[in-house]
Amino acid sequence: MLFHLFSTFFIIGLFTFGGGHAMLPLIENACVKKKKWITPDEMTQITVIAESTPGPVAINCATYVGMKKKGLAGAVTATLGVILPSFVILLLISFFFDRFLEIKWVASAFKGIKIAVGILIIDAAVKLLKKTEKQPLQIILFVSAFVSVMLINVFALHLSTVVLMLAAAVLSFAYYLIKRQKTGEAKNDLP
Amino acid sequence: MIFLELLLGFLKIGCFSFGGGYGAVPLIREVVLSYGWLDEEKLSYMIAVSESSPGPIMVNMATYIGASQAGIPGALLATAAVVLPAFLIVIILTTVLKKLLKNETAQTVLSGLKSCVAGIILATGVYIILTNCFGRIGGFSVDAKAIILTAVLAAVYFGAGKIVKKGVSPVLLICLAGIAGVLIYGWN
């Protein structure tokens with residue numbers, strides 16, 4: 001079983017391009033349809049967990065499936081399996097990348113590629129934005145974060161984006177408390 | 001001490017990067033530039049290499065940066081550090097706090113956090129494109145080639161989905177941009 005977990009996630013890690021989100025359909029195909037390790041409901045839950053927790057989406061998925069099937073040993077095995085291809089490939093790239101960039105046409109190609117990266121980052125932001133709620137709180141947080149990061153970059157300010165995220169979390173929490181008090185709900189669901 | 005810096009830097013990235021691979025870019029950029037591991041130019045190249053190599057983008061970046069700073073031990077340490085928070089959080093969520101994500105308070109906080117992260121990523125993308133086209137603040141210059149290439153690539157990437165059903169994938173966009181780069185900036 002452990003070996004199956006390892007080999008399945010190793011293959012998923014080796015054949016997904018474009019990061020963790022591209023991995024979700026592969027994981028669904030392998031773990032839900034073929035091996036029936038997890039149910040479709042659990043797959044939905046994994047997607048929710050992956051999207052609401054920090055860190056690489058692929059790691060969240062591998063850890064979850066491994067944990068379900070074989071406990072902690074399974075979680076470790078599946079996670080190692082999904083990381084190993086990346087690790088080996090990038091290690092090899094790191095050995096020759098600098099020399100590779102000294103070749104004129106490679107350097108030119110990367111000057112073009114640099115421009116594609118900017119577009120892909122904007123695309124990622126737009127996709128995430130589509131998934132967010134459009135209530136006043138969320139819009140205010142989005143706009144303030146955008147303006148703050150522009151100012152941080154332009155004026156080279158020493159303010160970490162981590163501070164912005166913590167502030168957003170605290171403000172959302174405060175907003176929730178105020179809203180709950182106003183509506184007078186007696187629900188007691190604080191964690 | 002490079003190993004301690006790699007450990008702390010990538011733990012921070014692993015703990016606070018929401019929204020998948022590109023969601024981590026603002027934070028990776030912040031950490032990598034503040035420690036001086038790569039310059040902005042090289043960082044953009046590495047984002048493209050990480051996207052075009054198989055596997056999670058964050059793991060790819062951690063392995064490369066770790067290896068470039070401190071060899072194989074550096075690569076192991078940086079990769080472990082970026083993976084560990086996600087690993088532990090899922091373990092905790094599946095064992096101790098099974099209902100946490102369904103909790104209304106957690107939902108509100110996550111929803112606010114997501115909007116904030118979307119703003120951070122968008123600003124990072126806009127700033128990277130502005131510096132590609134107009135240089136850095138203080139060294140203002142207009143790069144006509146970069147402006148035209150940005151417009152063309154954006155039109156291809158965002159327009160293709162409307163014509164061809166599947167659209168242009170990120171890896172294909174990177175390939176097209178590489179070919180355009182060779183044609184515009186010369187091959188020898």
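User: Which residues of helix 8 of chain B are buried?

Analyst: This is a predicted model, in which local features need pLDDT of at least 70 and side-chain atom pairs count only at pLDDT 80 or more, while totals for chains, interfaces and linings use all residues. Residues are numbered from 1 along each chain as its sequence is written, and chains are lettered from A and ligands numbered from 1 in the order in which they are written. Helices (H or I, at least four residues) and strands (E, at least two) are DSSP runs numbered from the N terminus, and a residue is buried if 20 or more other C-beta atoms lie within 10 Å of its own, exposed if 12 or fewer, and partly exposed in between, with C-beta atoms placed from the backbone. On that count, the buried residues of helix 8 are B:Pro170, B:Leu173, B:Ile174, B:Ala177, B:Gly178, B:Ala180 and B:Gly181.

User: How far does helix 8 of chain B reach from its first C-alpha to its last?

Analyst: Helix 8 of chain B covers residues 170-185, which is 16 residues. The expected span of a helix is 1.5 Å times one less than its number of residues, and for helix 8 of chain B that expectation is 22 Å. The reach in the model is close to it, at 22 Å.

User: Which residues of chain B does A:Ala116 touch?

Analyst: Two residues are in contact if their C-beta atoms, placed from the backbone, lie within 7 Å. What covers the buried residues of helix 8 of chain B includes helix 5 (104-131) of chain A, together with helix 4 (40-52) and helix 7 (144-163) of chain B. Not counting residues up to four places away in sequence, A:Ala116 touches B:Ala48, B:Leu153, B:Leu173, B:Ile174 and B:Ala177.

User: How many residues does helix 5 of chain A supply to the side of chain A that touches chain B?

Analyst: The contact takes 84 residues from chain A and 97 residues from chain B. On the chain A side, several helices each supply at least two residues, among them helix 1 (2-15), helix 4 (57-101) and helix 7 (161-183). Helix 5 of chain A gives the most, with 22 residues.

User: What is the radius of gyration of chain A?

Analyst: Chain A has seven helices and zero strands, and its C-alpha atoms fill a box of roughly 60 × 50 × 25 Å along the principal axes. The radius of gyration is taken over C-alpha atoms, and the globule rule is 2.2 Å times the number of residues to the power 0.38. For 191 residues that rule gives 16 Å, and chain A is more spread out than a compact globule because its value is well over this, at 21 Å.

User: How far apart are the C-alpha atoms of B:Ala78 and B:Gly181?

Analyst: B:Ala78 sits in helix 5 of chain B and counts as buried because it has 31 C-beta neighbours inside 10 Å. Leaving aside neighbours within four places in sequence, B:Ala78 is in contact with residues including B:Leu6, B:Phe10 and B:Ala62. B:Gly181 lies 103 residues from B:Ala78 along the chain, and their C-alpha atoms are separated by 31 Å.
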